Amino acid sequence: MVPLLVIVSFLIYSLIALVPGGPEVALAGSNPTPERIAAIREQLGLDEPFLVQYWNWFTDVLHGDLGTSFVDSQSVWSAIAHGFPVTLSLVGLTLLIAAVLGLALGLAAGLRPGSWVDRVSTVTASAFMALPYFWVGMMLVLVFAIQMRTLPAVGYVNFTDSPLDWLGHLILPAFSLATVPTAVVARQTRAAVTSVMQEDYIRTAVAKGLHPRRVAVKHVLKNAAVPVVTAFGVEANRLIGATVVIEQLFALPGVGKLAYFSVFSRDFPMVQGILLITAVLIMLVNLAVDLSYGYFNPKVKMS
């Protein structure tokens, strides 16, 4: 992870530096003079060689300094830390919904291949895969917030202030994001369960008279979990990027909404900090998926 983080940080800094205009143009205002632009470049250290600029930025990052926003002079780390709990709550609730619904649909279909349950599960997963996040979000707002008036359409409440209101403000965006992950988990679970059901030890467990529920939970689901966990990790990584649209749609003050406004306001330090934190989160998710192999697959020895 360490060399990968160095490479990713270099790519992030390089791509931002290649944006036409540069931060000096965004800070100089309208009709800037060449002297004004040169002064800003000198102030930001942009008159130095590129590798020196990257090294100065990277060493600051290693000391916990992600820079200062060009828009409001706020610390990048403070802004991300303020929005991170919102995004983490949204992604966590989304993954919980996807895990419960996806595993239930996939397990029911895999245990009865070819049945009406299997067909309904397959059609439902295909429909979920075809629905865009933002369209699902708008339909949920139309039904539950505007017509039925049972759930709030926008806003966020901290968990410490009111756990019930916190959940109420996250249900609609979480279900909006959960459609595709639910479908992916359901498909992977069905395929893995169908394959495991053909194994000899499953036939032996059934022949011994074990209860079908015990066979499904203790033997089938655990041995089918490796591809499911892999798919779950991939979807968790994708959700981190999908929050940009959903947080904007539901007016959630998370990192996704912060990234949206930072891009359009050309707030380069904020964009760099968000991309770097996102890359770290994705690497941690991948590490967690790798470590889970040791639990679900006894043949894998983790050191």
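## Buried and exposed

A residue is called buried when its relative accessible area is under 20%, and exposed when that value is over 50%. Keep this in mind as you explore the structure above, which is a predicted model. By this cut-off, 39% of the 303 residues of the chain count as buried.

## The overall build

What is the chain built from? Among the contacts with a separation of 6 or more, 73% join residues 24 or more positions apart.

## A look at helix 6

Helix 6 covers residues 116-130.

Which residues of helix 6 are buried? They are Val117, Asp118, Ser121 and Ala125. These residues cover an arc of only 95 degrees around the axis, so they sit on the same side of helix 6. An α-helix has 3.6 residues a turn, so residues three or four places apart point the same way. Helix 5 (76-111) and helix 8 (163-196) are among the parts that cover the buried residues. Turn to the face pointing away from the buried side, and you will find the exposed residues Trp116, Arg119, Val123 and Ala130.

## Where helix 1 meets helix 4

The axes of helix 1 (residues 2-17) and helix 4 (residues 50-62) come within 11 Å and cross at roughly 125 degrees. The two helices are therefore oblique to each other, and the crossing is right-handed.

On the helix 1 side, the residues that meet helix 4 include Val6, Phe10 and Tyr13. Their partners in helix 4 include Leu51, Tyr54 and Trp57.

Key. Residues are numbered from 1 along each chain as its sequence is written. This is a predicted model: local features need pLDDT of at least 70, side-chain atom pairs count only at pLDDT 80 or more; totals for chains, interfaces and linings use all residues. Side-chain values use heavy atoms; hydrogens and water are left out. Helices (H or I, at least four residues) and strands (E, at least two) are DSSP runs, numbered from the N terminus. The expected span of a helix is 1.5 Å times one less than its number of residues. Buried means under 20% relative accessible area, exposed over 50%, partly exposed in between (1.4 Å probe, protein chains only). The arc is that of the directions from the helix axis to the C-beta atoms. Contact means heavy atoms within 4.5 Å. Axes are lines fitted to C-alpha atoms, for helices over the stretch in contact, and angles run from 0 to 180 degrees between N-to-C directions. Angles under 35 degrees count as roughly parallel, over 145 as roughly antiparallel, 65 to 115 as roughly perpendicular and the rest as oblique. A crossing is left-handed if the near helix is turned anticlockwise from the far one by less than a right angle, and right-handed if clockwise.
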